Amino acid sequence: MTRPRITILHDVVAFTDAHAVERPIPALERLWNRGWLRKIVIITTMALIWQGYTSYLDNDLLFPTFAATIQALIDNIRSGVLPMRAWASIKVLLGGYALGVALATILSVAAITTRLGNDILETLTSMLNPLPAIALLPLALLWFGLGSGSLIFVLVHSVLWVVALNMHAGFLGVSPTQRMVGRNYGLRGFRYVAAILIPAAFPSILTGLKVGWAFAWRTLIAAELVFGVASGAGGLGWFIVENKNQLEIPNVFAGLLTVILIGLAVENLVFRQIERRTVRRWGMQA
Amino acid sequence: MAENTTDAPLLDVRGVTLQYRTSERIVTATHRVSFQVFPSDRFVLLGPSGCGKSSLLKAVAGYMEPVEGEFHLRGRRIHEPGPDRMMVFQEFDQLLPWKTVTENVLFPLLATRRLARKPARERALHYIHKVGLAQFADAYPHTLSGGMKQRVAIARGMAMEPEILLMDEPFAALDALTRRTMQDELLRLWDDTKFTVLFVTHSINEAIRVGNRILLLSPHPGQVRAEMDSLPRDGADAEAQSRLESRIHDLLFA
């Protein structure tokens, strides 16, 4: 029997500083790899174009300059008008959002546990999801009057279906192995849903919550544009209408900017943080 | 093995027929399968794919109701999943990704209210240490290799100190080298605590290495072909092993 031939190589190249195993990337390149920095550059460029064009146009009634908008924003924040209006909007929004998410949870849990619940969710979402929330506003006004009741009604409608759909899709996507693991521990009913299904479906649920938030925010501002004053404290939408009526166009822009800023803040601070502490940390999302 | 047969069977499987129902047809997975597992057995269900070995294990775990026959664990009839039969799956995603290694091992202990938090934690860490993952106690599953994940799953099963540990091809998705190591580790763990394990595999070699008793199942539908004792763990020479392997091979494919 012949033995297998083995040749052992001793002179493997020694990795010293010259061929380092790890090498740092140059500082400038590293900086440019930061997403936030690139975005700041984009935003700054856009602000400069805005400022340049409006200075050339020189018509504050049609299109105020970037500087005038920022000035109006600062003035309105200082006077406390904008924060008050923003808070009025956010308060209503949080109420509607919370109620919408709660209902969505009940619906989707019912859908995953019973066949009838599944049929109910499927029918309702396919019927009501395509219906724009704003289209319900006239009806809401009739039922709940001029007040936050109407706003909350349309908000719940705008949040409920998209959150329920995503939650349900998430529950359906939970791996059979993880379901079996949960049942192996003897978990049933509510404990099974809370301990296995919800965390396992969390990436989908979070997507639903994000989209639901964006829908709710848009719906609210739009609804406020149609009728803003709820018991004397209008929200941001009303602030925009009011200032347009008084031809305070820089204030209109300041209002729009606030809508954008709050939307961005929630997306980047709140949801990004939740994402980082949950699905990314758990390796469930890259 | 003689030392075991003096006790009553821990798991008694009597004439079990399992069927899957699809919208078009009913598929019989196993036909009147009977076997008995005694305390501290390393009982292997061996057979080619389609012999219903995994279905049998799932039914022992309580995920499937037999259409005929019964499962008894210490004389009690099995009809639903429970933590007295901890399962180790083949899939790497059996660990809950939102829990660290320790939390994964701890969770069943707490969820079943088996132990209070502090003793549960001690026991979890003890078993994590036993499978050699003490350094990774706070790691999340997605940072672990396949072999490490299976070790955590084994630690999780053992920490519950179940009546019987059910293992569904736990090493099938691992590379050959890791599989060998894991088989040795499982035997080492068994030497420590002599737990009872019901092990499913389609590898003849693995069955001989891991098991002390082997049940051979033939496919379509799964029926018992033979039941045999495996080789003694030490002193089994290569020749005896290959003889047994080809014997099993002939029984399964003849």
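Analyst: B:Lys118 is exposed, its relative accessible area being 60% (exposed means over 50%, buried under 20% and partly exposed in between, with a 1.4 Å probe and protein chains only). Its side chain meets that of B:Glu122 in a salt bridge, at 3.7 Å from N to O; the term requires a side-chain nitrogen of Lys or Arg within 4 Å of a carboxyl oxygen of Asp or Glu. Helices (H or I, at least four residues) and strands (E, at least two) are DSSP runs, numbered from the N terminus.

The model is predicted, and local features therefore need a pLDDT of at least 70 and side-chain atom pairs 80 or more, whereas totals for chains, interfaces and linings use all residues. Residues are numbered from 1 along each chain as its sequence is written, chains are lettered from A and ligands numbered from 1 in the order in which they are written, and side-chain values use heavy atoms, leaving out hydrogens and water.

Over all chains, the salt-bridge rule gives a count of 18. One of these joins A:Glu275 to A:Lys210, with the closest N and O atoms 2.7 Å apart. A:Glu275 belongs to helix H12 (residues 249-280) of chain A and A:Lys210 to helix H10 (residues 202-226) of chain A, so the pair ties together parts that are 65 residues apart in sequence. A:Glu275 is buried at 6% relative accessible area, while A:Lys210 is partly exposed at 22%. Together with A:Arg280, these two residues are linked in a network of salt bridges.

In chain B, the closest N and O atoms of the salt bridge between B:Arg32 and B:Glu68 are 2.8 Å apart. This pair also bridges separate elements: B:Arg32 lies in strand S2 (residues 26-37) of chain B and B:Glu68 in strand S4 (residues 68-73) of chain B, so parts 36 residues apart in sequence are tied together. B:Glu68 has a relative accessible area of 29% and is partly exposed.

Between chain A and chain B the count is 1 salt bridge. It is formed by the side chains of B:Glu80 and A:Arg188, at 2.2 Å from N to O. On the side of chain A that touches chain B, helix H8 (176-184) and helix H9 (189-200) of chain A are the elements that give two or more residues. H8(A) supplies the largest share, 6 residues. In total, 21 residues of chain A and 26 residues of chain B take part in the contact (heavy atoms within 4.5 Å). The area buried between the chains is about 2,100 Å², with carbon and sulfur atoms giving 60% of it; buried area is the accessible area (1.4 Å probe) that two parts lose on being put together, summed over both.

Just after H11(A), A:Leu247 takes a positive phi of about 55 degrees.

A:Val163, in helix H7 of chain A, is buried at 1% relative accessibility. Beyond four places in sequence, A:Val163 is in contact with A:Ala104, A:Gly208, A:Leu209 and A:Gly212.

As for confidence, the predictor gives the complex an ipTM of 0.85 and a pTM of 0.81. Chain B averages a pLDDT of 84, and 96% of its residues score at least 70; pLDDT is the predictor's confidence in each residue, from 0 to 100. Within chain B, the lowest mean, 45, falls in helix H1 (residues 2-5), and the highest, 91, in strand S8 (residues 197-201). Over residues 1-5 of chain B pLDDT stays under 50, and the model has 8 contacts beyond four places in sequence for this stretch.
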